[in-house]
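Have the picture open beside you as you read.

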Amino acid sequence: MEFRFDPNDRRLHIRTLVPAGQEADAFAPDDSFQFGIEEEYFLSETTTLLAPSETPDALFHVADLTTTGRVGREFLQAQIEVATEPHRSVDKARLELMRLRQSAAAAAADHKLAILACGTHPLACWREAIQSPKERYTQVMDLLQMIGQRNMLCGMHVHVEFPDPSRRVDVMTRMLPYLPLFIALSTSSPFWQGRATGLKGYRLAAYDELPRTGLPELFRGNGDYDEYVAAMMRSGAIKDASHLWWAIRPSLKYPTLELRAPDCCTRLDDAIALAALYRVLARHLYVDTGHNAALDVVDRSIAVENKWRAQRYGVSGTFASRSGAVAVGEMLDRVLDLVAADAAALGCAGEVEHCRRIAAEGTSAEAQLQIFTENEHEGADIALHKVARWIRDTTLVA
C-alpha cells in the first residue's frame, strides 16, 4: 500500500497496490464517511489458555505477510492488533475483520497460541507481562513504569472520516454524552487477575490509571484543542497528539475521529454493530451542527458519571440525565430513532439495529459471568478456564 498525507488539505490518501488490469480502492475524503476498525486481542497458550509473557517475532512476521501489514504487535507481548482497510460498505468491513481474526488466529496457532477477543483476560497476571520490542513502546513504558505493565487490556478503536477533517474537534465535543452508550454495549471485561471485579467493564477502570485518558474536555473548537496540544508539547509532557489517550480523539495519523472507548467485542457481529452505530452517529452530528451545540460543564459531568455507570452495570444499568434516570435500552432507542435516516443513507440500518439485540440479550460480559457462575462449584480456576475457552471459540464465530 502507498500512503500520502497532504498537509494543505489535511487529507490522507491511500492506494492499494494491485496487479495491472485490476481496479484499486482509493481512500480520499468524501461524503461517504468511510470507516475502519482496529481490534486488540490477547494471545493465550492453546492448552492452558494462560497469557504468555513473551511471544516470537516469527508469529507477527507471518501474520504481517499474510495480511499485507494489517496485523502487528501491541504494547505488551501477550497482545496482537489488527486494523482493517477504510470501508464504505459495512458488509466488506465485516468480511475483512473476520479474515483478520482468522489470520491472526492461524499465525498464533503455528506457535501453539490462540487469540481471545475481550477487554481483559480472565486468567492473565499483569506482573508477568513484558513490553513488546518497539522503540515507541520502550519510551511509553519508561514514562508509565508499573502502570504500563498493568496495561493488560484490549480495546476496539473505530475511525470515521469526515468530508472536512477540520470539523473533528467540534463533533468530538458534541459526541461526549453518547460515549457511555458505546462502553455499555461493548463490555467484555468483568474479570481481572483471575477474579470477578463486580464490574461489567473493568478495562477502563484500569486504563484510566494512565494520564490523559477518560473523556476529553469541552474544547470549543480547533483553537482550544490546538492550544492545549501545543502547551503539552512545549512543556515536554507529550511528544505529539498521539499521546492523548482519551475515549475519543482526532487521529494524528489519519483524517478521522477515533472512538477508543469500547472494549474489544468478543462477538464479531457486536463489533460491527458498534462500529456502524458510531459511524452513523458521527454523520448525524456532522450534518446537524446544532445538535448538542449548547453542551456545558453540567452535561460533561453527567457524561463522566455515565461512563462509570456503563463500566459498572453495562446494558443492565441506567444513565443519569437532567430529567432523571434513563435505562440503557431506552437511551439506545432514542439514539437509533435519531440516526435512522443516517443509517439508511450509509446502508447499515441492519447492523445498527443489532445494537438492540445486544441491549436485550447482553454483552460478552453477561455471557462470561453466566459461564463462571454455572461452573464455579468446580472451583474458580476451572470456571475461569471455561470462560476463556468460550471467548476463544466465540472470537472466531463468523
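What follows is a short report on strands, a helix, one arginine, some aromatic rings and a few backbone angles.

Keep in mind from the start that this is a predicted model.

Let us begin with strand E8, residues 156-161. Six of the six residues of E8 are buried, so the strand is largely enclosed by the rest of the structure. In a regular strand the side chains alternate between the two faces of the sheet. You can follow this pattern along E8: Met156, Val158 and Val160 are on one side, while His157, His159 and Glu161 are on the other, and both faces are covered.

Which strands pair with E8? One of them is E4 (residues 35-45), which pairs with E8 in the antiparallel sense over five bridges. Here Ile37 has Val158 of E8 as its bridge partner. E12 also pairs with E8 in the antiparallel sense, over four bridges, and Glu161 stands opposite Thr256 of E12.

Strand E12 (residues 256-259) is covered on both faces too: Thr256 and Glu258 are buried on one side, and Leu257 and Leu259 are buried on the other. E12 has a further antiparallel pairing, over three bridges, with strand E11 (residues 248-250). In that pairing Arg249 stands opposite Glu258.

Now look for the rings. A pair of aromatic rings is described by the distance of the centres and the angle of the planes. The model has 12 aromatic pairs, and two of them are set out here.

| Pair | Centre to centre | Angle between planes | Arrangement |
|---|---|---|---|
| Phe162 and Tyr286 | 5.2 Å | 55 degrees | tilted |
| Phe219 and Tyr225 | 5.8 Å | 90 degrees | edge-to-face |

Phe162 has a relative accessibility of 0% and counts as buried. Tyr286 is buried as well, at 11%. Tyr286 also has a charged neighbour: Arg167 lies over the face of its ring, at 3.9 Å from the ring centre.

In the other pair, both Phe219 and Tyr225 are buried. These two belong to a cluster, linked by ring pairs, that includes Tyr228 and Trp246. Elsewhere, Lys134 lies over the face of Tyr137, at 5.0 Å from the ring centre.

**A buried arginine**

Is Arg203 buried or exposed? With a relative accessibility of 4%, Arg203 is buried, because the cut-off for burial is under 20%. You will find Arg203 in helix H7 (residues 203-207). A polar atom of the Arg203 side chain lies 3.0 Å from the backbone oxygen of Ala261. Leaving aside residues up to four places away in sequence, Arg203 touches several others, among them Gly119, Leu153, Ser189 and Asp263.

**Helix H10 from end to end**

Next, trace helix H10 (residues 297-313). Its 17 residues, at 1.5 Å a residue, should span 24 Å, and the C-alpha atoms at its ends are 24 Å apart, which agrees. At the start of H10, a side-chain oxygen of Asp296 reaches to within 3.0 Å of the backbone nitrogen of Val298. Just after H10, Gly314 takes a positive phi of about 60 degrees.

The buried residues of H10 include Arg300, Ile302, Asn306 and Lys307. What do the buried residues of H10 pack against? Their partners are helix H6 (179-186), H7 and strand E13 (318-319). H7 is also the helix that holds Arg203.

**Two residues with a positive phi**

Finally, look at two loop residues. Gln145 is not a glycine, yet its phi is positive, at about 60 degrees. Gln145 is found in the loop between helix H3 (135-144) and helix H4 (146-149). Gln193, also a residue other than glycine, has a positive phi near 55 degrees. Its place is in the loop between strand E9 (191-192) and strand E10 (195-196). With a relative accessible area of 26%, Gln193 is partly exposed.

Conventions
Residues numbered from 1 in each chain as written. Predicted model: local features only at pLDDT ≥ 70, side-chain atom pairs only at ≥ 80, totals over all residues. Heavy atoms only, no water. Phe/Tyr/Trp six-rings, centres within 6.5 Å; stacked < 30°, edge-to-face > 60°. Buried < 20%, exposed > 50% of the residue type's maximum accessible area, 1.4 Å probe, protein only. Lys NZ or Arg CZ within 6 Å of the ring centre and 35° of its normal. Polar contact = N/O pair within 3.5 Å; in protein donor to acceptor, adjacent residues only side chain to side chain. Contact = heavy atoms within 4.5 Å. Expected span 1.5 Å × (residues − 1). Pairing = 2+ DSSP bridges.
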